[in-house]
There are 2 protein chains.
Amino acid sequence: MDLYDAMSTLRAVRRLRPDPIPEDVLERVFTAATWAPTGGNLQPWRIIAVRAPDTKQSLEDLYRPHWNTYVPRYHDKMANMAPAQKASSQRALDAGDYLATHMHEAPVIAVFCFNPDLMTITDQALPRPSVVGGGSVYPAVQNLLLACRNEGLGCVLTTLLCIEEAQLRPLLGLPEGWYTCAFVPIGYPVGGGHGPIRRRPVSSMVFTDRFGAT
Amino acid sequence: MDLYDAMSTLRAVRRLRPDPIPEDVLERVFTAATWAPTGGNLQPWRIIAVRAPDTKQSLEDLYRPHWNTYVPRYHDKMANMAPAQKASSQRALDAGDYLATHMHEAPVIAVFCFNPDLMTITDQALPRPSVVGGGSVYPAVQNLLLACRNEGLGCVLTTLLCIEEAQLRPLLGLPEGWYTCAFVPIGYPVGGGHGPIRRRPVSSMVFTDRFGAT
């Protein structure tokens, strides 16, 4: 696919079919992730491609209660939304409910892990939430999502399972020093899958020289 | 460009020409950033496109001492590298030295800001470095980098300037609650620009069901 066509139609697809994904397709998706830039080219991330039915079911069972906790908090955020945005968010929540009870059906759940010892986290000492470690992981996640789009695979970036990292450690054999940061169920879409997306106009996202100035 | 061609040839390009970038090209690059997914589609990031010569010079002056501090620490990491990797890292350091004294020449420095109040940072309470906030920013950064590649523009993701956030706040007019997380100098390459990249093989980056298992 053309780069801009892939980016501009990459949706969060939460309804996935259990049909298997050919190995060569998966290999291309994972290879695309490895192409992403990382600080010092140290590639401080790994993917655990979860395919075992029991493990996928365990991930879903750990995920569901956190999803059910998240929904009412997101409803509060929706109170201030314009009607079109609110309707779109409600559709996303409905699809999220589906994912929370069908995640185990996805043929693969890509669990991204990272090792902070291989990162230079420049905002770690600042008096606000640190995000810079993510700069050496989420570009790879985005490459993987775009590659799924390219291959006709549905996918969605989720992070709620991080909360259960202590339970995930024995389940996934996570060694000391490695932690989780993204969980991407992958499969062919139940419905239309990817398509047009709704985003704020670029004029409200990009300023010139000073914050707020256009 | 084809998606995989763009991804597999996206290099960190640190030698940039001062030539101006046409407005329609920049508009496409920034629009690509807005297409990225974010948690709850809340798009908790903004770009400040720094073009004013004085501001670009100030960014370079704040950057240079941190680069000079970073280099010897990275030399320590290089001690354990294979010869080919070490040579490649040395070339990157040389280009980094160039950037540290020529950053002001880039026609645009894209400064990414984020607002953690618009994020659900699921790993914030865990006893290890938090990265999940980056999941709603760095996919947009990666889209921007890939769009630069598509447009023939050099670019490189840097994060060292976060350390100087207190100085950046008045310089960039950052409002309370907004913080910096990525600084991307953008311009046409001095030399060959993008091209083949060096990465670990996918077999050493992707496991099946458990960490380390293939």
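Residues count from 1 along each chain as its sequence is written, and chains are lettered from A and ligands numbered from 1, in the order in which they are written. Because the model is predicted, local features need pLDDT of at least 70 and side-chain atom pairs count only at pLDDT 80 or more, while totals for chains, interfaces and linings use all residues.

**Sheets**

Helices (H or I, at least four residues) and strands (E, at least two) are DSSP runs, numbered from the N terminus. Two strands pair if DSSP finds at least two bridges between them. Strands of a sheet pair through backbone hydrogen bonds, either parallel or antiparallel.

One open sheet has five strands in the order β3(A)-β4(A)-β2(A)-β1(A)-β5(B), with mixed pairing. Its edges are β3 of chain A and β5 of chain B; each has a single partner strand, so one side of each lacks a neighbour in the sheet. Helix α5 (residues 138–150) of chain A packs on this sheet, touching β1, β2, β3 and β4 of chain A. The direction of α5 makes about 5° with that of β4(A). Axes are lines fitted to C-alpha atoms, for helices over the stretch in contact, and angles run from 0 to 180 degrees between N-to-C directions.

Another open sheet of five strands runs β5(A)-β1(B)-β2(B)-β4(B)-β3(B), again with mixed pairing. Here β5 (206–208) of chain A and β3 of chain B stand at the edges, each with a single partner strand, so one side of each is left without a neighbour in the sheet.

| Strand pair | Sense | Bridges |
|---|---|---|
| β1(A) (45–50) and β5(B) (206–208) | parallel | three |
| β2(A) (108–114) and β4(A) (179–187) | antiparallel | seven |
| β2(B) (108–114) and β4(B) | antiparallel | seven |
| β3(B) (154–155) and β4(B) | antiparallel | two |

Ala49(A) stands opposite Thr208(B) in β5(B). Phe114(A) faces Tyr179(A) in β4(A). In β4(B), Val108(B) has Ile186(B) as its bridge partner, and Ile109(B) has Pro185(B). Cys155(B) also stands opposite Ile186(B).

**Chain contact**

Two residues are in contact if their C-beta atoms, placed from the backbone, lie within 7 Å. By this rule, 80 residues of chain B are in contact with 80 residues of chain A. Helix α5 (residues 138–150) of chain B gives the most to its chain's side, with eight residues. That side of chain B holds 49 nonpolar, 19 polar and twelve charged residues. Ala, Val, Leu, Ile, Met, Phe, Trp, Tyr, Cys and Pro count as nonpolar, Asp, Glu, Lys and Arg as charged, and the others, Gly among them, as polar.

**A helix pair in chain B**

The axes of α3 (residues 53–78) and α4 (residues 83–102) of chain B come within 10 Å and cross at roughly 170°. That makes α3(B) roughly antiparallel to α4(B); the class takes angles over 145 degrees. From α3(B), the contact includes Tyr63(B), Trp67(B) and Met78(B). From α4(B), it includes Lys86(B), Leu93(B) and Thr101(B). The contact has seven nonpolar, three polar and two charged residues.

**Core and burial**

A residue is buried if 20 or more other C-beta atoms lie within 10 Å of its own, exposed if 12 or fewer, and partly exposed in between. A nonpolar core is a set of buried Ala, Val, Leu, Ile, Met, Phe, Trp, Tyr and Cys residues joined through C-beta atoms within 7 Å.

The largest nonpolar core has 128 residues. Phe112, Leu144 and Val184 of chains A and B touch the most other members. Leaving out residues up to four places away in sequence, Phe112(B) touches Trp45(B), Ile47(B), Val137(B), Val141(B), Cys181(B) and Ala182(B). In β4(B), nine of the nine residues are buried, so the strand is largely enclosed by the rest of the structure.

**Two loop residues in chain A**

Cys162(A) lies in the loop between β3 and α6 (165–172) of chain A. Cys162(A) is buried, with 24 other C-beta atoms within 10 Å. Beyond four places in sequence, its contacts include Thr180(A) and Cys181(A), as well as Thr122(B), Asp123(B), Leu126(B) and Val132(B).

Asn41(A) sits in the loop between α2 (23–34) and β1 of chain A. Asn41(A) is partly exposed, with 16 other C-beta atoms within 10 Å. Its C-alpha atom is 10.0 Å from that of Met119(A), 78 residues apart along the chain.

Terms used
Angles under 35 degrees count as roughly parallel, over 145 as roughly antiparallel, 65 to 115 as roughly perpendicular and the rest as oblique.
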